[in-house]
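Hi,

Here's the structure I promised to pass along.

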Amino acid sequence: MRVEEFERHRAHLRAVAYRMLGSASEADDAVQETWLRTDRADTTDVRNPAAWLTTVVARVCLNLLRARETRREEPLDTHDPASTADPEHEAELADSVGLAMLVVLDTLGPAERLAFVLHDLFDVPFDDIAPLVDRTPAATRQLASRARRRVSGTTRAPETDLARQRPVVEAYLAAARRGDFDALLTLLDPDVVLRADAAVGPSPRPFTLRGPRAVGRMASRSGARAVASATALVDGLTGIVMAANGRFTLAMTFTVTDGLITGIDVIAEPERLRRLEVALP
């Protein structure tokens, strides 16, 4: 396959890789590896270059996702959004996909993620996906179905509860992004309590903040991190999730009473994150 032919499909391959990996730099690496494999392969009999290249980049991404599974216990600070080579470009890509979607995809296993992304997002037939995950087409269909249920959320609070909670949490996130301390105070109950687990840092111990001023100060100083955050359903209720380089790094769950936030739990320990049910809002 000539370079010109490959370049015609580069944007598509990068789109597939980014949704598989959630990281711009990793997606670029996957596309480059796809070219190296293509350059070494005999493509004389390839009749559908786009489909063939999609299969190759999917295999590369699947290997990267499986390697990730062995590195789930990395400390939180390795995922600081500021460490991204081009954070503005990364943010643009995340916005184009939806940061909440990237977080939900990161909660899927590699095979589930591949089946869902290729079929639901890029219309690749299950017959073509099955060999990539060493399953039958019927079993691959089940992988995508299971992933679809995870993405849409199998359990959620009654819509009346979500309707009361959602605007409060969305206002909290917007104020945190602006660093607007006064706006945050209007959303916090006088007896609000924030509890954070040991992985949140900066000290390696869980900590608790009490009162609107202490909680508001912390939230208003988290602007850089809040930019990499989005609302999502966390265990069926509106919460906030954070991603960096395609990795689910932090979740916040809220207790809202009479229109005010009375409790916030901040979760960053990998094992606790894995137990959360995260879905699109």
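**What I found**

Residues 24 or more positions apart make up 65% of the protein chain's contacts with a separation of 6 or more. Keep in mind that this is a predicted model.

For the overall picture, the chain has 281 residues, and 48% of them count as buried. I get 14 helices and seven strands. The accessible surface is about 13,500 Å², with 51% of that belonging to carbon and sulfur atoms.

Next, a helix pair. Helix 7 covers residues 110–121 and helix 8 covers residues 126–133; their axes come within 10 Å and cross at roughly 160°. Angles over 145 degrees count as roughly antiparallel, so that is how helix 7 and helix 8 run relative to each other. Their crossing is right-handed. On the helix 7 side, the residues that meet helix 8 are Ala 111, Leu 114, Ala 115, Leu 118 and His 119. Helix 8 brings Phe 126, Ile 129, Leu 132 and Val 133. By class, that contact has eight nonpolar residues, one polar and no charged ones.

The other spot to look at is Val 192, in strand 1 (residues 188–196). Is Val 192 buried or exposed? Its relative accessibility is 0%, so Val 192 counts as buried. Beyond its neighbours within four places in sequence, Val 192 is in contact with Leu 209, Arg 210, Gly 211, Pro 212 and Val 215, and also with Ile 261, Thr 262 and Gly 263. Pro 212 is 20 residues away from Val 192 along the chain, with 6.1 Å between their C-alpha atoms.

Cheers

Notes. Residues numbered from 1 in each chain as written. Predicted model: local features only at pLDDT ≥ 70, side-chain atom pairs only at ≥ 80, totals over all residues. Heavy atoms only, no water. Helix = DSSP H or I, 4+ residues; strand = E, 2+ residues; numbered from the N terminus. Buried < 20%, exposed > 50% of the residue type's maximum accessible area, 1.4 Å probe, protein only. Contact = heavy atoms within 4.5 Å. Areas by Shrake-Rupley, 256 points an atom, 1.4 Å probe, with all protein chains shown as cover. Axes fitted to C-alpha atoms, helices over the stretch in contact; angles between N-to-C directions. Parallel < 35°, antiparallel > 145°, perpendicular 65-115°, else oblique. Left-handed = near helix turned anticlockwise from the far one by under 90°. Nonpolar A, V, L, I, M, F, W, Y, C, P; charged D, E, K, R; others polar.
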